[in-house]
Amino acid sequence: MKIYQLYHRQVLRLPIQEAWPFFSSPYNLNDITPDFFHVTVTSKVPGKIYSGLMISYEMKAVFGISMAWLSEISHCDEPKRFVYEQRIGPFKFWSHEVALTEHNNSIVLEDIVFYAMPLGWLGQALNKLLIADRLEQIFKVRHDYLEARWGLAEP
C-alpha cells in the first residue's frame, strides 16, 4: 500500500480565538473549496468538536458522483489542533491534521494529510491521473480564499 502525504502551511492575520471556530466547523467546507467539491453535512454537529465525534457527509468530488463519507475527530486539542480520520469513504486511509499556532497576533495554519488509495495499482494510477491534482486544487482554492478573507501575515 502506497501512502501519500500533503503538507500546506499558511500564515494568516487572524487571532486564534477567531481561527479555531472557523476551521473546526465542517459547515465552512464549501466556502473554502472549489465548486467541483461540494459537501453536505448529514449529521448533527455540536457547536464544539471533541475527540470521538463522528460526522457524516455526502460529497460530490469526482465527476459529480455522490459518495458517503464518515469521519471521526480522533484528536482534539482546542484551540491548537484537531485530526479527523475517514471511517467510511472513498480512500483506503485518510488522516488530516489541522494545526493552529499563534504567531505575533496571527496564526500559522498547517495541514498535514496522509492518505492511501484503494484498488492497488489501479488506485495509484487514479491518484496520479486525477486525485492528487484535485486535492492540490482544493488546498489552492482554500489558500486563496483564506488570503482574501484575512490576509497573509509575515512568517
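The legends below accompany an overview and several close-up views of a predicted model.

Figure 1. Along its principal axes, the C-alpha trace spans about 45 × 30 × 25 Å. Buried residues make up 44% of the 155 residues, while the accessible surface comes to about 8,600 Å², of which 56% belongs to carbon and sulfur atoms. Among the contacts between residues at least 6 apart in sequence, 50% join residues at least 24 apart.

**Figure 2. The salt bridge between R87 and E72, which links two strands.** A search of the whole structure finds 6 salt bridges, and in one of them R87 is paired with E72, with 2.8 Å between the closest N and O atoms. The pair links distant parts of the chain, since R87 belongs to strand 5 (residues 81-88) and E72 to strand 4 (residues 65-77), 15 residues apart. R87 has a relative accessible area of 39% and is therefore partly exposed, as this value falls between the limits of 20% and 50%. Salt bridges that share partners also bring in E85, so that E72, E85 and R87 are joined into one network.

**Figure 3. The salt bridge between D111 and R142, which joins a strand to a helix.** In this view the side chains of D111 and R142 meet in a salt bridge, with 2.8 Å from N to O. D111 lies in strand 7 (residues 106-116) and R142 in helix 2 (residues 120-150), so the pair ties together parts of the chain that are 31 residues apart in sequence. Both D111 and R142 are buried.

**Figure 4. The salt bridge between K140 and D144, within helix 2.** Here too a salt bridge is formed, and the closest N and O atoms of K140 and D144 are 2.8 Å apart. Both residues lie in helix 2, where they are 4 residues apart, about one turn of the helix. K140 counts as partly exposed, at 49% relative accessibility, and D144 is partly exposed as well, with a relative accessible area of 33%.

Figure 5. A polar atom of the Q10 side chain lies 3.0 Å from the backbone oxygen of H143. When residues up to four places away in sequence are not counted, Q10 touches I107, V108, L109, H143, L146, E147 and L152.

Figure 6. L130 is found in helix 2 and counts as buried, at 16% relative accessibility. Leaving aside neighbours within four places in sequence, L130 is in contact with V62 and F63. Although L130 and V62 are 68 residues apart along the chain, their C-alpha atoms are separated by 8.8 Å.

Figure 7. Most residues other than glycine have a negative phi, and most peptide bonds are trans. In this model, however, a cis peptide bond with omega of about 0° joins E78 and P79, and P79 is placed in the loop between strand 4 and strand 5. N104 is not a glycine, yet its phi is positive, at about 50°; N104 is placed in the loop between strand 6 and strand 7 and counts as exposed, at 67% relative accessibility. L119, which is not a glycine either, has a positive phi of about 70°. The place of L119 is in the loop between strand 7 and helix 2, and L119 is exposed, with a relative accessible area of 60%.

Technical notes:
Residues numbered from 1 in each chain as written. Predicted model: local features only at pLDDT ≥ 70, side-chain atom pairs only at ≥ 80, totals over all residues. Heavy atoms only, no water. Salt bridge = Lys/Arg side-chain N within 4 Å of Asp/Glu carboxyl O. Buried < 20%, exposed > 50% of the residue type's maximum accessible area, 1.4 Å probe, protein only. Polar contact = N/O pair within 3.5 Å; in protein donor to acceptor, adjacent residues only side chain to side chain. Contact = heavy atoms within 4.5 Å. Areas by Shrake-Rupley, 256 points an atom, 1.4 Å probe, with all protein chains shown as cover.
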